[in-house]
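Reader: I would like to go through this model with you. Shall we begin with its pockets?
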Amino acid sequence: MLSLPSDWLPSAPLEHLHLDWLTQANIHVVVLRLDLIDPLISGNKWFKLIEHLAVADLAGAQGIISLGGAHSNHLHALAAAGKRFGFPVVGLLRGHPQETPTVLDLQAFGMQLHWLGYGGYRARHEPGFWLPWRAQYPHLQPVPEGGGGLPGARGCAGLLAMARDQLGALGWNDYDGWWLAAGTGTTLAGLVLAEAGAHPVYGALAVPDDHGVARQVEAIIQEAGLCNPAYELFDGSRGGFAKVDPALLEFIRLTEQASSVPLEPLYTGKALMALKQQIEAGRFAPGARLIFVHTGGLQGRRGFAVADQH
């Protein structure tokens, strides 16, 4: 049986973000620092796994099999959880064998890896994809890429209470919405479900439209039966998944110097830069209060030329 300690519940601090461009626009932002919940099982990844692990436990599974790339934050958190809590994990990886810092960690944590190539990985949404893997690993519970789907979203819905419990201490009695990166859209969908239309959730797409994030979010919301969702998606991909340009790297460097909040270029850096662009475009009225979700993923910095100030 797959089981976890009942007292292992991560929490994240909520803190003010002080940056010149926010001050000039009279926009107030607090950051939910999911990057600080745990040194390895970091960011939103744990919350996306909570319900999947509960489903696996109820099904009598002994471990988890899931998918991701050579820099996958999801697989990194899953492998770390498997090592810490003693359950087997298998990773199905996009592309061909390569040694990235993330892949080396996956191996060190004891995750068994299978490289699918690019065509094989694209088939992950096709009917029957999981059949041979279920046959090979009948004792493992399949989990979608990135911990997605309704179970992943339900796990992320708990972020609402985590933030609300701390707002009063920061002097806020209300807020005007959430802002976060959207890679699979699961965390965003979880917040949309939790808010149930009370506050809007804004997602900065870290991947191009053809990755189907909008469809995934809509599918989760429909499956949950939410009738009046309040959310909006913005393009923050800067030309494609894992596309990193000098302007983005410079933005991250300056932001880290000014705020001491570490960012990475695939998700949090792109999301905060997209927020700056939307504020400059007049998307939010002066005085607006937003909760920015730091989704973690800092281990992925190692694959990119980001000066480490911390």
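Reader: What volume does the largest pocket have?
Author: The largest pocket has a volume of about 1100 Å³. A pocket here is an open set of points on a 1 Å grid over the protein atoms alone where a 1.4 Å probe fits, with protein on both sides within 12 Å along at least five of seven lines; the volume is the space filled by probe spheres set on the points, joined across faces, edges and corners. The model is predicted: local features need pLDDT of at least 70 and side-chain atom pairs pLDDT 80 or more, while totals for chains, interfaces and linings use all residues. Residues are numbered from 1 along each chain as its sequence is written, and side-chain values use heavy atoms, without hydrogens and water.

Reader: Which residues lie nearest its centre?
Author: Arg 94, Glu 145, Gly 183, Thr 184 and Tyr 267 do, out of 49 lining residues; lining means having an atom within 4 Å of a point.

Reader: Why does the pocket lie between the domains?
Author: Domain 1 (14–39 + 149–303) and domain 2 (44–143) both give residues to its lining, so the largest pocket lies between them. The domain bounds come from an automatic or database assignment.

Reader: And which helix gives the most to the lining?
Author: H10, with 4 residues; helices are DSSP runs of H or I, at least four residues, numbered from the N terminus.

Reader: At what angle do H9 and H10 pack?
Author: Helix H9 (residues 186–195) and helix H10 (residues 213–224) pack at about 35 degrees, with axes 9 Å apart. Axes are lines fitted to C-alpha atoms over the stretch in contact, and angles run from 0 to 180 degrees between N-to-C directions.

Reader: Which residues of H9 meet H10?
Author: Thr 186, Leu 188, Ala 189, Val 192 and Leu 193 meet Val 217, Ile 220, Ile 221 and Ala 224 of H10, contact being heavy atoms within 4.5 Å.

Definitions and conventions: Helix = DSSP H or I, 4+ residues; strand = E, 2+ residues; numbered from the N terminus.
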